[in-house]
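Work through the exercises below with the sequence and the model open. Each task is followed by a solution in steps.

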Amino acid sequence: MNNDTVDKLVIFLAKRDGIDKLVKTFQYVSKLVHWHVEAKNPEIAQRAKQWEVASGLSRKAFRTGRFLTGFNALRRSPGSTPTLRFLAVLANAGEMVYFFFDHFLWLSRIGTLNPNLARKMSFISAFGESFGYVFFIISDFIALKEGLEAERKLGALEDNKFRDKKIESLRKIRSDRVMRLMAVAANVADLFIGVADIEPNPFCNHTVTLGISGLVSAWAGWYRNWPS
């Protein structure tokens, strides 16, 4: 029996990434609501702010131990070429730093560790995150380029004996391209958020920029992780 939409939603939310993307949506929707109503309705704005902070802290709890994902990715599938393996090491190293120090940031913000550590932990975590995303984006662009070249070669084949295999290969290449583009969108959006923490500036730190970036990251990740 094929899974329907409700089945897929249950499967998606059972994954840690699924819960993270849902709570990330809450976090950045509430950020935008706070910004929109702050001047007109301070009480609603304060409630939205509390929702944003609670969502952000909840996401950090869900990510406990997540730094092991990058280590396992390097151990199991580091890349098919020396270039991709090198990029994978840099990307996953950055992500591991991000998730590892994010634990200490969370503990600082809830008061288990010295709250004064929060700013330093936030900077280190955001730096690792941004560093990693740069190399994830480069890897995805290389894969997209290779996919286009493979599609061109398949398109040039005229042997009808392999027509079904060719159609299936093209379908897989195009499906992978969509996933890669979603990954690039999510990583670029998260890069804006990371830069806002590392090097505050009027554009990256504007509430609308952060809000839209957070939602793009959450929804692109939602699309990539949705069960087939």
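A helix here is a DSSP run of H or I, at least four residues long, numbered from the N terminus. The model is predicted.

**Exercise 1.** Find where Arg47 and Glu43 lie, and state how their side chains meet.

Solution. Start with the helix: Arg47 and Glu43 both belong to α3, which spans residues 42-62. They are four residues apart, about one turn of that helix. Next, check the side chains: those of Arg47 and Glu43 form a salt bridge, at 2.7 Å from N to O.

**Exercise 2.** Describe the pair Arg171 and Glu168, and decide whether each residue is buried, partly exposed or exposed.

Solution. The closest N and O atoms of Arg171 and Glu168 are 2.7 Å apart, in a salt bridge. Both residues sit in helix α7 (residues 163-198), and because they are three residues apart, about one helical turn separates them. Glu168, at 33%, is partly exposed.

**Exercise 3.** Determine how α2 and α8 are oriented, and which residues bring them into contact.

Solution. Helix α2 covers residues 16-37 and helix α8 covers residues 207-225. Their axes lie 9 Å apart and the helices pack at an angle of about 160°. Angles over 145 degrees count as roughly antiparallel, so α2 is roughly antiparallel to α8. The handedness of the crossing of α2 and α8 is left-handed.

For the contact, list residues from each side. On α2 they include Lys21, Leu22, Tyr28, Leu32 and Trp35. On α8 they include Val208, Leu215, Trp219, Trp222 and Asn225. Sorted by class, the contact of α2 with α8 comprises eleven nonpolar, seven polar and four charged residues. Lys21, from Exercise 3, is one of the α2 residues that meet α8.

Note on methods: Residues are numbered from 1 along each chain as its sequence is written. This is a predicted model: local features need pLDDT of at least 70, side-chain atom pairs count only at pLDDT 80 or more; totals for chains, interfaces and linings use all residues. Side-chain values use heavy atoms; hydrogens and water are left out. Axes are lines fitted to C-alpha atoms, for helices over the stretch in contact, and angles run from 0 to 180 degrees between N-to-C directions. Helices (H or I, at least four residues) and strands (E, at least two) are DSSP runs, numbered from the N terminus. Angles under 35 degrees count as roughly parallel, over 145 as roughly antiparallel, 65 to 115 as roughly perpendicular and the rest as oblique. A crossing is left-handed if the near helix is turned anticlockwise from the far one by less than a right angle, and right-handed if clockwise. Contact means heavy atoms within 4.5 Å. Ala, Val, Leu, Ile, Met, Phe, Trp, Tyr, Cys and Pro count as nonpolar, Asp, Glu, Lys and Arg as charged, and the others, Gly among them, as polar. A salt bridge is a side-chain nitrogen of Lys or Arg within 4 Å of a carboxyl oxygen of Asp or Glu. Buried means under 20% relative accessible area, exposed over 50%, partly exposed in between (1.4 Å probe, protein chains only).
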